[in-house]
Amino acid sequence: MSPRSRVTGVACALAVSFVAVPSAAAGEPSVPQHVEGTVDDGATAWVADVPADWNGTVLLYSHGYRPSFAPIPNSAENAPDDETRQALLDRGYALVGSSYERSGWTLDTAAEDQLQTLDAFGAAVGQPSRVLAVGTSMGGLVTGQLAELPGSPIDGALPTCGLVHGGVDLLNYQLDGAHAIAQLLVPEGTAVRLADYGGDLAAVNAAASTLTDAVVAAQGDPAGRARIALAAALYHLPRWAEGQPEPDAGDHEGQVDAQVAQFTSALGFTYPARVDVEATVGGNPSWNAGVDYRALLRHADERAQVEALYRAAGLDLDADLARLTATASVTPDEDALQTAYATSELTGDLQVPVLSLHTTHDVLAPVQVEEEYAETVRRAGAKGLLRQAFVHRLGHCAFTPAELVASVEALDERVSTGRWGSVADPRTLDAAAEGLGLGASEILPDYRPAEWLGDRGGLFGGPRS
């Protein structure tokens with residue numbers, strides 16, 4: 001069942017087991033509960049924790065991507081980490097979340113799995129007075145889907161580090177960066193297949209390895225470093241890496257060092273994940289045929305860095321961009337593309353208030369996705385329901401419990417009062433987080449992400465709308 005066709009009150013097969021402390025009898029003090037169960041005839045596990053002083057609000061947590069090809073258990077999760085879980089329970093929130101019915105790219109089923117989990121929670125524990133959807137990474141995209149469902153039991157949504165650009169843009173921007181490496185850095189005569197793997201994990205791993213090796217080999221040469229910077233701009237790589245100080249805005253060489261490190265760690269994970277997306281939608285939904293790479297770089301946040309390094313290396317940037325445009329030839333499988341649009345995208349037609357949270361330097365979900373999300377919401381006429389906050393930090397989903405709890409409480413207040421007021425203002429949010437005693441907060445007072453380059457909607461060319 002598509003999550004968009006879901007109606008409240010769907011019947012579901014469920015099994016429930018109470019673990020740890022059961023509910024208190026009438027007249028006795030309330031006690032915490034830990035509840036586990038399954039839906040989908042046992043295919044999807046779920047887990048819930050309910051504090052003794054439950055405030056009536058449930059946080060429906062959607063976890064992130066778990067590759068089908070990696071030995072990661074497909075277990076149920078109801079919070080992003082243990083410290084945040086305990087902090088939310090201490091504040092009276094009940095937590096519930098599912099495993100989804102399988103690993104991999106599960107955007108075709110995950111929202112429905114979560115709604116069935118919510119039904120099962122209501123049957124086992126009791127009906128909540130309010131439901132806030134919270135999600136991490138791919139789960140942030142699931143949370144975005146839940147926020148768009150008319151008539152659903154969701155009252156507000158908090159996508160964090162979310163892939164809110166959707167599955168099509170996800171593969172398109174990665175294709176752009178990989179295309180630049182393949183054309184400008186991979187040794188001539190070495191073929192690299194960039195899409196349409198048909199489930200061949202060995203082939204996509206070989207491609208990722210070839211791309212990574214080309215970046216590593218090129219880092220010692222000024223021309224190679226300039227081209228690495230161009231590919232990194234298209235791949236939306238942070239210009240900051242683990243174990244390195246954050247480079248200054250004008251330190252273009254330091255930024256390339258960071259981009260090399262990011263490519264070295266990222267390509268081996270992000271590119272093989274393409275096989276899971278292709279398997280879910282039935283083929284390759286991405287393309288670069290018709291894309292104008294001059295236009296992409298013109299809007300890139302990293303443009304000044306790329307231009308400076310090309311000048312220093314004595315390279316012709318226009319010639320390289322023309323080459324990328326002329327050799328862009330990947331086309332989508334039309335059926336797979338339509339399936340991806342139907343199952344893995346957001347329309348922006350928000351039904352409930354949404355507060356999104358993102359770090360400024362995220363290699364797996366680039367912060368620029370939030371620019372695309374805001375644009376999608378504006379086009380749908382729902383911008384009054386959206387607020388966005390940004391944390392100055394390196395890392396994917398690298399939030400402190402303080403930042404997460406403050407965001408939950410701000411969203412809860414918005415739902416309770418029916419208006420945003422100043423509750424989601426970044427300064428207010430940062431101050432609230434700092435006052436929780438749960439660690440530091442680096443929510444920025446004034447930040448806007450740069451243009452998202454993976455959009456094929458006409459701004460940068462390409463045959464699709």
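Tyr100 counts as buried, because its relative accessibility is 1%, and the cut-off for a buried residue is under 20%. The structure is a predicted model.

**Residues with positive phi**

- Most residues other than glycine have a negative phi.
- Tyr100 has a phi near 65°, a positive value in a residue other than glycine.
- The loop that holds Tyr100 runs between strand β5 (94-98) and helix α2 (110-124).
- Asp41 also has a positive phi, near 55°, and is not a glycine.
- Asp41 is in the loop between β2 (33-39) and β3 (44-50).
- Asp41 counts as exposed because its relative accessibility is 71%, and the cut-off for an exposed residue is over 50%.

**Helices α5 and α7**

- Two packed helices are described by the angle between their axes and the distance between the axes.
- For helix α5 (residues 201-218) and helix α7 (residues 252-270), the axes come within 9 Å and cross at roughly 170°.
- The two helices are therefore roughly antiparallel, as angles over 145 degrees count as such.
- On the α5 side, the residues that meet α7 are Ala208, Leu211, Thr212, Val215 and Val216.
- On the α7 side, their partners are Val260, Phe263, Thr264, Leu267 and Gly268.
- By class, this contact of α5 with α7 has 7 nonpolar, 3 polar and no charged residues.

**The buried side of helix α11**

- An α-helix has 3.6 residues a turn, so residues three or four places apart point the same way.
- Helix α11 spans residues 317-327, and its residues Leu317, Asp320, Leu321 and Leu324 are buried.
- These four residues lie on the same side of α11, because they cover an arc of only 100° around the axis.
- The elements that cover the buried residues of α11 include α4 (166-184), α6 (222-234), α9 (293-298) and α10 (303-313).
- At the start of α11, a side-chain oxygen of Asp316 comes to within 3.1 Å of the backbone nitrogen of Asp318.

**The buried residue Glu278**

- Glu278 is part of helix α8 (residues 274-281).
- Is Glu278 buried or exposed? Glu278 counts as buried, because its relative accessibility is 4%.
- The side chain of Glu278 reaches the backbone nitrogen of Asp196 at 2.9 Å.
- Apart from neighbours within four places in sequence, Glu278 is in contact with Ala195, Asp196, Tyr197, Gly198, Gly283, Asn284 and Pro285.

Terms used: Residues are numbered from 1 along each chain as its sequence is written. This is a predicted model: local features need pLDDT of at least 70, side-chain atom pairs count only at pLDDT 80 or more; totals for chains, interfaces and linings use all residues. Side-chain values use heavy atoms; hydrogens and water are left out. Axes are lines fitted to C-alpha atoms, for helices over the stretch in contact, and angles run from 0 to 180 degrees between N-to-C directions. Angles under 35 degrees count as roughly parallel, over 145 as roughly antiparallel, 65 to 115 as roughly perpendicular and the rest as oblique. Contact means heavy atoms within 4.5 Å. Ala, Val, Leu, Ile, Met, Phe, Trp, Tyr, Cys and Pro count as nonpolar, Asp, Glu, Lys and Arg as charged, and the others, Gly among them, as polar. Buried means under 20% relative accessible area, exposed over 50%, partly exposed in between (1.4 Å probe, protein chains only). The arc is that of the directions from the helix axis to the C-beta atoms. A polar contact is a pair of N or O atoms within 3.5 Å; within protein, one must be able to donate a hydrogen and the other to accept it, and residues adjacent in sequence count only if both atoms are side-chain atoms.
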